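Hi,

Here is the model I said I would pass on, with the sequence alongside.

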Amino acid sequence: MRCEKRLSTRRALLRQAAAAAGLGAIFKMTEEPAAGQPRRGRPPVRYGPINKYSAPSDLRITDMRALTIAANFDYPIIRLDTNQGVYGLGEVRDAGTRNSALMLKQFVVGANPLNIAEVLRTIRPYAWHGRQGGGYSAVDLALHDIVGKVFGVPVWRLLGDKYHDRIRMYCDTVSSKDPKVYAGRMLARKKAGYTFFKMDLQTMELVGDKPGAVDYRGVATPKGLQMLCDYIAAIRDVIGYDAPLSADHFGRLDVHDSINYARAFEPYRLAWAEDLLQVGTLNRGDAPLNWRAYKQIKASTTTPVGGFESLFGLEEGFKPFIDNDAVGVIHPDPGTSGQCRETKRICDYAAQFGIPTAIHMAGSPLGTMGAVHTVATVENFLSMECHAVDFMSWWQELVTGVPKPFINQGYITVPDTPGLGIELNEPVVKEHLRYPGYFEPTTDWDKATARPQGVAGYPHFNEHGEWVVTQSER
Ligand SMILES: [Mg+2]
């Protein structure tokens, strides 16, 4: 009793002090029981059915299953199951392989999915650029889906504050050799509500057959560059010079070609020229990693240099470009860059240097939604790509739980429901499977074939040359 009275007296003193300081409202908030705890005389506060899964310390990943949707690109989807019924969905980078995720099954089964950093640290040595970032990224997404469901919050809340209630989208738009036809396609985008645009400027496809337009390497001559600019001008005429417009797919350019192209585009105020050094052209200095080449290009033009949809990780990929002033707009694909947590790190780091973020996306609505949650927390976000609006009417029907149309007037609404806020529409997914079976068992991937460094419990030679067999192997 004495103790209670002392506390009560202390509380009264605090209340008086808070009132004197103008903090009465704050003090009142702290008097209320924490959300989720029972109030005297009232039933316990519940956030919904999701809470039944929440026994956090006992939560364990029990399985990883996978399927692949056959679309414009393959969409490999994974599902992480747990011992408490809750599961998480993830997606491997478009045109990747689900095996890049399944090879990680041995590391994630048995782990507590709430320890996101610990799980990701374990699998990071197996992630790299291009499609090799897909497995790591899928696991990250599934972990965030689980954690959001367990704690009853949307994934974006796990990453930071929400700067955007809806995400501005832009579309991959098929080019045409006829500038008027090409401009007409872009005008259709504008009429559909899109406010951000991107065009492909494939040198050979558009002007390769015009006399004197390309050199022996397929790179535009001054005459060819003027023709490419005519395409930009035609599109500017219909969307206006005030609308953001970026450009991509110029062909196999080297540093000097890239500078010539970027300078020629300057009058058209592109939002960015994308991946000027073609991704994957190793004999041009390993273009995806060659920050020195991009630094030269960026220093030589006022056209913003953008790109790097094939880079994984901040330290592994983006940091050298940002640190060395070699990029104007980053354009990661979360399916390669590391999905929620790593992409958020990359975007926040770039923001410190005044570099905005756009997102490359050619995946399913599930992977798209993962990126939606991430960039909702990125203040200087520009726009995200979609590759699927023209020719797959069923694309948005692959998922449930979100408003349709999935992209409405050029935007996707950021969900406030737990986890990703999206589920697979099983009947529609089953109509578009690359391989038979819907999340079939993956026991072939149960056997551990590798162990991260420093983890005990794996049969090995010790420092005395003795073969150490663990308890489980005896
Ligand atoms: Mg691109």
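This is a predicted model: local features need pLDDT of at least 70, side-chain atom pairs count only at pLDDT 80 or more; totals for chains, interfaces and linings use all residues.

Residues are numbered from 1 along each chain as its sequence is written.

A few terms before going on. Helices (H or I, at least four residues) and strands (E, at least two) are DSSP runs, numbered from the N terminus. Axes are lines fitted to C-alpha atoms, for helices over the stretch in contact, and angles run from 0 to 180 degrees between N-to-C directions.

Eight bridges link E1 and E2 (residues 75–82) in the antiparallel sense. If you want a spot to start looking, the bridge partner of Arg65 is Arg79 in E2.

**Helix pairs**

How do H5 and H6 sit against each other? The axes of H5 (residues 116–123) and H6 (residues 134–151) come within 11 Å and cross at roughly 165 degrees. H5 and H6 are therefore roughly antiparallel (angles under 35 degrees count as roughly parallel, over 145 as roughly antiparallel, 65 to 115 as roughly perpendicular and the rest as oblique). The crossing of H5 past H6 is right-handed; a crossing is left-handed if the near helix is turned anticlockwise from the far one by less than a right angle, and right-handed if clockwise. On the H5 side, Ile116, Val119, Leu120 and Ile123 meet Tyr136, Val139, Asp140, Leu143, His144 and Val147 of H6. Contact here requires C-beta atoms, placed from the backbone, to lie within 7 Å. The residues of this contact of H5 with H6 divide into eight nonpolar, one polar and one charged (Ala, Val, Leu, Ile, Met, Phe, Trp, Tyr, Cys and Pro count as nonpolar, Asp, Glu, Lys and Arg as charged, and the others, Gly among them, as polar).

For H8 (residues 179–191) and H10 (residues 222–239), the axes come within 9 Å and cross at roughly 35 degrees. H8 passes H10 in a right-handed crossing. Residues of H8 in this contact include Tyr182, Ala183, Met186 and Leu187, while those of H10 include Tyr231, Ala234, Ile235 and Val238. The contact of H8 with H10 divides into ten nonpolar, no polar and four charged residues.

**Around E6**

Strands E5 (residues 197–200) and E6 run parallel, joined by four bridges. Asp200 has Asp248 in E6 as its bridge partner. In E6 (residues 245–248), Leu245 and Ala247 point one way, Ser246 and Asp248 point the other way, and all are buried. Buried means 20 or more other C-beta atoms within 10 Å of a residue's own, exposed means 12 or fewer, and partly exposed is in between, with C-beta atoms placed from the backbone.

Most residues other than glycine have a negative phi, and most peptide bonds are trans. His249, in the loop between E6 and helix H11 (255–265), has a positive phi near 65 degrees. With 16 C-beta neighbours inside 10 Å, His249 counts as partly exposed. Phe308 has a positive phi too, about 85 degrees, and lies in the loop between strand E8 (305–307) and helix H13 (314–323). Phe308 counts as buried, with 29 C-beta neighbours inside 10 Å. A cis peptide bond joins Lys404 and Pro405, with omega about 0 degrees; Pro405 is in the loop between strands E12 (399–400) and E13 (411–413).

**The whole chain**

The protein has 17 helices and 16 strands, and buried residues make up 42% of its 474 residues. Glu431 and Ala70 are 361 residues apart in sequence and 9.4 Å apart in space, C-alpha to C-alpha.

Cheers

How values were computed: Two residues are in contact if their C-beta atoms, placed from the backbone, lie within 7 Å. Two strands pair if DSSP finds at least two bridges between them.
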